[in-house]
Amino acid sequence: MNPEALRLAAELGGSLLSAPGGGSLVLVERIQAHGLPQALVLGRTAEDLREPLEAADAVQARGLPLNLLGLVPAPGSDLAAALDLHHRRLGALVCALDAGLPWLDGKPMLVRRLPGRIARGLPVALEKAPMGPLEKAELKGFLADWDKDRRKMTFRRPEWREAPDHEQHGGFETDLWPGVPLPEGAELRVPPLVLPEATALTNALRTALRAATGQPVPFLPLPGDPAPLHALRALTPEATAFRGPARAWELAFEGLSRLPAPPHFCARC
């Protein structure tokens, strides 16, 4: 058994689910009653789950009819394969939320799209990622301390960097934003991702974050890893990124409890 997985399970008060290839998922459950609608929150680290779990305890103490599943993959685990293996164990989900992505510049926001990752033996010029004038202006206002070159390098035409195994095998990698063609000879390692905006789920999350922070909450592109969200979206199309203080999670859970729930299924039924 992976010592790091055991440590995570002990730290969070959760149980271990085995993953293909020897990895593990730490599962932390806040169950009000069998058959209630349930949400899943994925943390990329144990710290990512602290505020969602605190909020779940608070709203469930007030009788909110919503179950919560918290997940953290142990280092080196294949998240997509593990979720596929334990699909029935996790059961039907109102939504799945990735709590491990940061905010841009530390300010409240929701994620509109994420870049994929590509690899190639040698760098080549990339086409500039498409971006409309309204979004350009929104990013410029939101990231007031960023200069034009930094915004361009981050969101429009990222630079190539040495691959993690460059010393042994050579090669380079970079981000690939949605709408940018894959260069000839490049390998697509993680596809880019565009997330939905005008849905009942995103409306509930945006309302919660606005009320908790008292600040505007724009939808913006974020230079983060979309692989965990791809894995969550194989469980449910109602999957997106969300983070915030405990109060934002409480309000979000209240909003989620009012959303239509999918037909119930689980390993016990």
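Predicted model: local features only at pLDDT ≥ 70, side-chain atom pairs only at ≥ 80, totals over all residues.
Let's start with a term: a residue is buried if its relative accessible area is under 20%, exposed if that area is over 50%, and partly exposed in between. Asp105 has a relative accessible area of 39%, so the residue counts as partly exposed. You'll find Asp105 in the loop between strand 5 (95–98) and strand 6 (110–114).

In soluble globular proteins, nonpolar side chains tend to be buried together. Here, the largest nonpolar core has 44 residues, and Leu40, Leu83 and Leu104 are the ones with the most contacts inside it. Helix 9 (residues 227–235) gives this core its largest share, four residues. Pick out Leu83 and see who its partners are: setting aside residues up to four places away in sequence, Leu83 touches Leu25, Leu71, Leu90, Ala231, Leu232 and Leu235. Apart from this core lies another, with 36 residues, including Leu8, Leu12, Val59 and Leu251.

Next up, the helices. Find helix 2 (residues 50–61) and helix 10 (residues 246–256): their axes come within 8 Å and cross at roughly 55°. That angle makes helix 2 oblique to helix 10. The crossing of these two helices is right-handed. On the helix 2 side, the contact is made by Glu51, Pro52, Glu54, Ala55, Ala56, Ala58 and Val59, while helix 10 brings Ala246, Trp249, Glu250, Phe253 and Glu254. Sort the residues of this contact by type and you get eight nonpolar, no polar and four charged.

Helix 10 also packs with helix 8 (residues 200–213). This time the angle is about 145°, with the axes 8 Å apart, and the crossing is right-handed. Leu201, Ala204, Leu205, Ala208, Leu209, Ala211 and Ala212 of helix 8 meet Arg247, Ala248, Leu251, Ala252, Gly255 and Leu256 of helix 10. By type, the residues of this contact divide into 11 nonpolar, one polar and one charged.

While you're at helix 8, have a look at Arg206, which is part of that helix. Is Arg206 buried, exposed or partly exposed? With a relative accessible area of 25%, Arg206 is partly exposed. Not counting residues up to four places away in sequence, Arg206 touches Leu110, Val217, Pro218 and Phe219. Arg206 and Ala252 are 46 residues apart in sequence, but 8.4 Å apart in space, C-alpha to C-alpha.

Now for two buried residues. Thr240 sits in strand 13 (residues 239–241), and its relative accessibility is 3%, so Thr240 counts as buried. What does Thr240 touch, not counting residues up to four places away in sequence? Its contacts are Ala96, Leu97, Asp98, Leu195, Leu201, Leu205 and Leu229.

The other one is Leu66, in the loop between helix 2 and strand 4 (67–73). Leaving aside neighbours within four places in sequence, Leu66 is in contact with Arg30, Gln32, Leu36, Pro37, Gln38, Ala39, Gln60, Phe253, Leu256 and Ser257. For a sense of scale, the C-alpha atoms of Leu66 and Ala144 are separated by 39 Å, and these residues are 78 residues apart along the chain.

Conventions. Residues numbered from 1 in each chain as written. Heavy atoms only, no water. Core = buried A, V, L, I, M, F, W, Y, C linked by side-chain atoms within 4.5 Å. Buried < 20%, exposed > 50% of the residue type's maximum accessible area, 1.4 Å probe, protein only. Contact = heavy atoms within 4.5 Å. Axes fitted to C-alpha atoms, helices over the stretch in contact; angles between N-to-C directions. Parallel < 35°, antiparallel > 145°, perpendicular 65-115°, else oblique. Left-handed = near helix turned anticlockwise from the far one by under 90°. Nonpolar A, V, L, I, M, F, W, Y, C, P; charged D, E, K, R; others polar.
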